[in-house]
Amino acid sequence: MMMFLKAATAVALLLALGAGVQAQAQTTLRIGLAEDPDILDPSTGRTYVGRIVFAAVCDKLFDIDEKINIVPQLALSYETSADGKEVTIKLRPGVKFHDGEPFDADAAKFSIERHMTLPTSFRKSELASVDHVEVVDPLTIKLVLKTPFSPLISQLTDRAGMMVSPRAAKEAGDRFGLHPVCAGPYKFVERVQQDRMVFEKFADYWNKDNVFIDRIVYLPIVDATVRLANLKSGGLDLAERVLATDIKAVRADANLKLSTALELGYWGLSINISNDKNKGPLSQSEKVRQALDLSIDRQAINEVVFNGEFTPGNQWVSPQHPYYQAAFPIRPRDVVKAKALLKEAGVTPPVSVDYMVTKGAENEAVAQVIQSMAAEAGFDLKIRVIEFATSFKQAQAGEFQVFQIPWSGRIDPDGNSYVFLRSKAPQNDGGYSNPEADKAMEDARLVTDPAQRKAIYEKLTKIILNDEPLLYILHRKILIAHTKKLDGYTQMPDGLVRVIGLKLK
């Protein structure tokens, strides 16, 4: 009898251990974000961290690879008509949204039209050339364009190409972003503002054989030092935007790995030109803006704040980009000329400027260095540190004079310029408007030949470097640190964290 009890106890223990092993097999990937995203709706979202989250939740028609080639995702292929005004897209069969609804041509038409017509959509300018969408057959759509639009497919590799469930979007209305329903590998579970976003593996995902992690938890941790400390202690598995000054520490840690790529975007200063209620000197004269530009030493900022790891720049693409205009190199710092320009503009120093900066060690350090440099030329930059999501609301309301903001970048130069510089574009927060610049941006959209497009962008560069609605400072290196227990991670130049193929040991 005693032997039977012992055997029964052993069996029970083994069963309990087996249950424990099963429970432990539920893998959770914890990702530390530098900010809390805005609305989780691909039509109305405009933050970089939001795009990081979308990478796991909302598949797009197309994606990119490490070499910035466009590759299929929810679309299998596309064909452009000889006149460039019709783009026919073949869709992937057997795809479902998180609510079980099928993804087909009707759903694709709905999603694109929603991006184009939703009153609060930031995708309108990205799809402005589209006249209408036609359903050719259940798995084929045709985009009929007003004019040829060379960046179209590249736009569909980002939020403009994200597909949403028509049923869920109709039912939720403007609250869709509180519970997004897309066709990505992970579906929404919960969100607690400023604390966490939780997603779980979607059992009916079209590429489910390459999804190995059960849950993803995104944790906004604004302080980069705290973010890295959490990674080192095991509280996170991956942390985005490691400080450049922490690169050595990450590489020295036997448990961590650093993944990098040169970012497609830039770090810049948006100038409020026509929305400045106070009509400050920066809004009144390009000479004042040129003076501010000439007071800045970009390489010094790179060395002081980023240990020389980033790339100084003066355009919306980096000096390594094929569309960079070498005829307009970075102008060296010239305080004497800056002072002379202020005098020509009839401005008496010190020039008081409201300088809006989002919270974060590097953001604030850059602002402090620029503040110090600009002071020597006669500017009194009054740094105003603000929470990330709030800064976008204030920017849209015109409640700033200078807004220091990075842009994560797009693979086509149009994606780095049009949305910020075109008159009345949705992210042109400073209200810049120049008919010649508008024409150049529109012309660049009409041609596909790279040489012709680069010649058009040369004209645009000359205009922008004179008008200075946005001062381009540098181009970051994407710095992602993660535990060595995470297998299969590859960093793309768009800075997104792609989760397909990832495994946790």
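Predicted model: local features only at pLDDT ≥ 70, side-chain atom pairs only at ≥ 80, totals over all residues.

Me: How many aromatic pairs does a search of the whole structure find?
Reply: The search finds 15 aromatic pairs.

Me: Take Phe199 and Tyr218. What is the geometry of their rings?
Reply: The ring centres are 5.8 Å apart and the planes stand at 80 degrees, so Phe199 and Tyr218 make an edge-to-face pair. The cut-off for that class is over 60 degrees.

Me: Where in the chain do Phe199 and Tyr218 sit?
Reply: Phe199 is in strand 9 (residues 196-201) and Tyr218 is in strand 10 (residues 215-220). They are 19 residues apart, and the pair links distant parts of the chain.

Me: Phe199 and Tyr218: buried or exposed?
Reply: Both are buried.

Me: Next, Tyr266 and Phe420. Why is that pair edge-to-face?
Reply: Because the planes of Tyr266 and Phe420 are at 70 degrees, with centres 6.3 Å apart. Tyr266 belongs to strand 13 (residues 266-271), Phe420 to helix 14 (residues 414-421). Tyr266 and Phe420 are both buried.

Me: Switching to charges. Which ring does Arg46 lie over?
Reply: Arg46 lies over the face of Phe122, 5.2 Å from the ring centre.

Me: And what about Arg114?
Reply: Its charged end sits over the ring of Phe176, at 5.0 Å from the centre.

Technical notes. Residues numbered from 1 in each chain as written. Heavy atoms only, no water. Phe/Tyr/Trp six-rings, centres within 6.5 Å; stacked < 30°, edge-to-face > 60°. Helix = DSSP H or I, 4+ residues; strand = E, 2+ residues; numbered from the N terminus. Buried < 20%, exposed > 50% of the residue type's maximum accessible area, 1.4 Å probe, protein only. Lys NZ or Arg CZ within 6 Å of the ring centre and 35° of its normal.
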